Amino acid sequence: MLLNRIIIVTGGAGLLGRSFCEEIIINHGICIIADLNAEAGEQTQKELQAKYANAQVHFIHLNINSKESIIELIEKLHIKFGKIDAVVNNAYPRNKNYGRHYFDVEYADFCENININLGGYFLVGQQFAAYFLKQGFGNIINISSIYGIIAPRFDIYDDTKMTMPVEYAVIKSGLLHLTKYMAKYFKGKNIRVNAISLGGIKDAQPKSFLIKYRKLCLNKGMLNPQDINGTLIFLLSIHSMAINGQNIVVDDGYTL
Ligand SMILES: NC(=O)c1ccc[n+]([C@@H]2O[C@H](COP(=O)([O-])OP(=O)(O)OC[C@H]3O[C@@H](n4cnc5c(N)ncnc54)[C@H](O)[C@@H]3O)[C@@H](O)[C@H]2O)c1
């Protein structure tokens, strides 16, 4: 599906990013793991290279909060490959106080988390779009969340230390509208911008939470990273050429 496509995954060394990179390799794309964590990025690159003998997978250090870092990444890839097909905006920056309950969130932390997360997604989108404009085509996929669409169901977090952070609601809903804004802004420029809003990924959450979450879904409940791969590959491929400015929800019906 992705033969010889140059595809960057920001946060490619993380929980979802790694799964996305693996699926891009399986579909014969040329995968660029772009992550702030060089150790995890290099390790992911090594492991994927060892698992898939013919894989074309590279690691490049990236900080999505630095314009210079993004421009450097784009320049490196342009010199090496002469083109870039797509970027998956997937990194997950958050500061050390992220995830607090509503009344415990300090103004400075609220601003910082929106700045580094949504601001970073904006910056990656803006800088890649500038390159895509020059090359005449491009594809941007923003990774959003069910909590960009619906209000939190706070009761599923009862009896746990978890909550649905207020910053996350603002970041992910903002990202969905940014997706539409960008798609429309690039009218006539052959640049697509779409979003995927996914449900929660199973990752050692407390059992009580998993049970309550599952009751709100249709079959499976919390997802595995692999459950998102098909949608990602579809949006990266020519099969979705007429899809632009859209949001595809992958959540086992949680938002219904
Ligand atoms: N895990 C879930 O349940 C879930 C659910 C819905 C949506 N999402 C979304 O999926 C995306 C990925 O989430 P995840 O769970 O894989 O996160 P993760 O924390 O496992 O991975 C995030 C990666 O981003 C990298 N990163 C952090 N700051 C960076 C920066 N400034 N520049 C470049 N890279 C940076 C980290 O090093 C890490 O490798 C996020 O947008 C998240 O909101 C996740």
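Two strands pair if DSSP finds at least two bridges between them. The views below show a predicted model.

**View 1. Strands β1 and β2 lie paired in the sheet.** Their pairing is parallel and runs over 5 bridges. One of the residues involved is Ile7, whose bridge partner in β2 is Cys31.

**View 2. The open sheet is built from 7 strands.** Strands of a sheet pair through backbone hydrogen bonds, either parallel or antiparallel. Here the pairing is parallel, and the strand order is β3-β2-β1-β4-β5-β6-β7. Strands β3 and β7 (247-250) each have a single partner strand, so one side of each has no neighbour in the sheet. From one strand to the next, the twist averages 20 degrees.

**View 3. Helices α2 and α5 are shown with the strands of the sheet.** Helix α2 (residues 38-51) packs on the sheet and touches β2 and β3. The direction of α2 makes about 175 degrees with that of β3. Helix α5 (residues 166-185) lies across β5 (138-145), β6 (191-198) and β7, and runs at about 155 degrees to β5.

**View 4. Helix α3 spans residues 67-81.** The 15 residues of α3 reach 21 Å from first C-alpha to last, close to the 21 Å expected at 1.5 Å a residue. Just after α3, Gly82 has a positive phi of about 80 degrees.

**View 5. Helix α3 has a buried side.** Its buried residues are Ser69, Ile70, Leu73, Ile74 and Leu77. These residues lie on the same side of α3 because they cover an arc of only 135 degrees around the axis. What covers them includes β1 (6-10), β2 (30-35), β3 (56-61) and α4 (107-135). The face turned away from the buried side carries the exposed residues Glu68 and Ile79.

Technical notes:
Residues are numbered from 1 along each chain as its sequence is written. This is a predicted model: local features need pLDDT of at least 70, side-chain atom pairs count only at pLDDT 80 or more; totals for chains, interfaces and linings use all residues. Side-chain values use heavy atoms; hydrogens and water are left out. Helices (H or I, at least four residues) and strands (E, at least two) are DSSP runs, numbered from the N terminus. The expected span of a helix is 1.5 Å times one less than its number of residues. Buried means under 20% relative accessible area, exposed over 50%, partly exposed in between (1.4 Å probe, protein chains only). The arc is that of the directions from the helix axis to the C-beta atoms. Contact means heavy atoms within 4.5 Å. Axes are lines fitted to C-alpha atoms, for helices over the stretch in contact, and angles run from 0 to 180 degrees between N-to-C directions.
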